[in-house]
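Let's take a walk through a protein model, one piece at a time. Keep the picture open while you read and look for each part as it comes up.

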Amino acid sequence: MRSPARRTTWAIALSATLFLAACGGGDDEGGGEKSGDPIVVGISLPLTGDFSEPGKGVQEGYEAWAKITNDKGGLLGRQIELKILDDQSNADRVVADYEQLIGSDQVDLVVGPFSTRLVVPSARVAQEYGMLFVEPAGAAAEVFNQGFKNLFYAAPAVADDHYNHLVEYLLALPAGQKPTSVAYAAMDDPFAQGTAYGLKKKLEAGGIKTVVDEVYPPNTTDFGSIAAKIAAAKPDMVVGGSQYQDGVNLIVALQQLDYQPKLAAFSTAPTNPEFDKAIGNKTEGILSPTGYSQDAPYASNKEFVEKFTAQFGKAPEEDQANGYTTGQVVGAAVQAAGCAEQGECQQKLIDWLHSNTVDTVVGPLKWDATGKPQGAHMIQQWIGNDIKIVLPADAKEADMVYPKPAW
């Protein structure tokens with residue numbers, strides 16, 4: 001093993017110790033710790049760098065899970081303590097962080113960071129140490145092709161399947177209404193490309209032609225040339241495989257060229273609270289897949305929304321829900337296995353999750369042998385001044401607007 005001690009001088013500890021004293025009387029059935037000790041959960045998150053905005057959202061979700069759980073007495077009668085490090089959106093740093101957390105700090109449990117780019121290397125470290133690794137945001141296909149036996153993605157669907165409900169809707173339209181051409185622009189990022197190209201593959205199989213296919217580096221800020229190619233091709237639909245700022249910048253560039261698609265779908269960006277203002281309040285009709293809705297009827301979701309809002313002064317969005325769901329999955333395994341520490345306990349946690357379904361704020365989750373969830377994302381659309389679920393039919397909050405108004 002590589003020693004994490006060499007890197008501890010620059011690891012930025014943002015310890016979020018929510019309650020250190022246990023609620024008395026609990027027994028530690030795992031046998032490895034005293035009942036009064038907290039369960040320490042190690043986390044590395046991109047709190048600075050390219051993924052800092054969603055990284056901070058995931059952090060809030062983890063903190064909400066710890067507080068809500070601790071207010072109920074914790075897990076196994078022990079309080080949860082979060083130890084959070086900043087990986088600065090850097091893959092080398094995230095490896096060092098998890099080596100420190102597991103090997104040096106000897107945390108009891110670990111959970112994952114944000115972004116496939118950080119999940120894959122950190123999951124390798126967790127696997128080396130035999131640790132359960134539930135993660136909130138590694139949805140690209142490459143996460144599940146690594147042979148991980150310890151990894152579980154805590155969301156309804158992987159990136160390639162995010163748009164499945166939209167595909168079904170579009171391919172079922174009458175011939176005169178169905179879009180015939182699509183332009184794709186995706187960040188060179190496994191998640192962003194996974195969402196866009198999962199949709200691309202299925203629409204092409206349904207006879208819808210690709211007229212533009214552009215991949216751009218993560219640090220791209222000037223989208224003039226990509227927007228020009230899209231505008232010149234005049235596709236019926238534009239799809240952005242985006243995070244946040246790149247999605248905003250591409251839309252603004254398309255607006256400047258007065259390209260008006262019949263349909264526009266962007267991953268991640270439209271779910272951000274700042275999105276509407278960032279593109280000049282021209283969001284009407286823009287689509288995005290989502291694994292979470294504040295109004296979802298799942299048993300734990302009402303409590304999550306109410307208590308998260310009280311804790312942070314705002315309602316949770318998808319990033320926060322992803323962090324919270326990850327905590328729910330780990331917590332369910334700990335309660336079922338009756339332990340929370342390094343060693344043999346970790347395999348008990350892993351085995352339990354491979355064989356069971358966990359009820360969460362995004363619905364019931366179950367996984368295949370690779371840790372891939374067996375569900376699909378909902379499709380939401382900006383309608384009026386709000387974003388609403390439009391697909392699937394049994395979850396919709398509003399009818400889909402098609403074609404979309406001008407932006």
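Strand 14 is covered on both of its faces: Met378, Gln380 and Trp382 are buried on one side, and Ile379, Gln381 and Ile383 are buried on the other. Before going on, keep in mind that this is a predicted model. Why do the names split into two sets like that? In a regular strand, side chains alternate between the two faces of the sheet.

Strand 11 (residues 287-290) pairs with strand 14 in the antiparallel sense, over 4 bridges. If you want to find that pairing on screen, look for Leu287, whose bridge partner in strand 14 is Gln381. Strand 15 also pairs with strand 14, again antiparallel, and here there are 5 bridges. One spot to look at is Ile379, which has Leu391 as its bridge partner in strand 15. Strands 14 and 15 form a hairpin with 2 residues between them, and Gly384 in the turn has a positive phi of about 65°.

Leu391 is joined to Pro392 by a cis peptide bond, with omega about 0°, and Pro392 sits in the segment after strand 15 (386-391). Pro403 lies in the segment after strand 15 too, and the peptide bond from Tyr402 to Pro403 is also cis, with omega near 0°.

Is Lys396 buried, partly exposed or exposed? Its relative accessibility is 41%, so Lys396 counts as partly exposed. Leaving out residues up to four places away in sequence, Lys396 touches Ile389, Val390 and Leu391. Lys396 is 16 residues from Gln380 in sequence, and their C-alpha atoms are 8.5 Å apart in space. The side chain of Lys396 also makes a polar contact of 2.5 Å with the side chain of Asp399.

Two loops have a backbone detail worth a look. Ser89 has a positive phi of about 60° although it isn't a glycine. You'll find Ser89 in the loop between strand 3 (80-86) and helix 2 (91-104). Thr268 isn't a glycine either, but has a positive phi of about 70°, and its place is the loop between strand 10 (263-266) and helix 8 (275-278). What about their surroundings? Ser89 is buried, with a relative accessible area of 16%, whereas Thr268 is partly exposed at 21%. The cut-off explains those labels, because buried means under 20%.

The largest nonpolar core has 73 residues, and the ones with the most contacts inside it are Val41, Ile43, Leu82 and Leu353. Take Val41: setting aside neighbours within four places in sequence, Val41 is in contact with Trp65, Ile80, Glu81, Leu82, Lys83, Leu109 and Val111. Apart from that core lies another one, of 28 residues, including Ile226, Ala231, Phe275 and Ile387.

Finally, the charged pairs. How many salt bridges does the structure hold? There are 15 salt bridges, and the table shows some of them.

| Salt bridge | N to O distance |
|---|---|
| Asp105 and Lys83 | 3.0 Å |
| Lys200 and Glu204 | 3.2 Å |
| Asp213 and Lys200 | 3.9 Å |

Let's start with the salt bridge between Asp105 and Lys83. Asp105 lies in the loop between helix 2 and strand 4 (109-110), while Lys83 is in strand 3, so the pair ties together parts that are 22 residues apart in sequence. Asp105 is partly exposed, with a relative accessible area of 27%, and Lys83 is partly exposed at 21%.

Lys200 and Glu204 are both in helix 5 (residues 190-205), 4 residues apart, which is about one turn of the helix. Lys200 is buried at 15% relative accessible area, whereas Glu204 is partly exposed at 35%. Lys200 also meets Asp213 in a salt bridge. Asp213 is in strand 8 (residues 209-216) and Lys200 in helix 5, so this pair ties together parts 13 residues apart in sequence. Asp213 is partly exposed, at 39%. Elsewhere, salt bridges that share partners join Lys72, Glu303 and Lys307 into one network.

Notes
Residues numbered from 1 in each chain as written. Predicted model: local features only at pLDDT ≥ 70, side-chain atom pairs only at ≥ 80, totals over all residues. Heavy atoms only, no water. Buried < 20%, exposed > 50% of the residue type's maximum accessible area, 1.4 Å probe, protein only. Pairing = 2+ DSSP bridges. Core = buried A, V, L, I, M, F, W, Y, C linked by side-chain atoms within 4.5 Å. Contact = heavy atoms within 4.5 Å. Polar contact = N/O pair within 3.5 Å; in protein donor to acceptor, adjacent residues only side chain to side chain. Salt bridge = Lys/Arg side-chain N within 4 Å of Asp/Glu carboxyl O.
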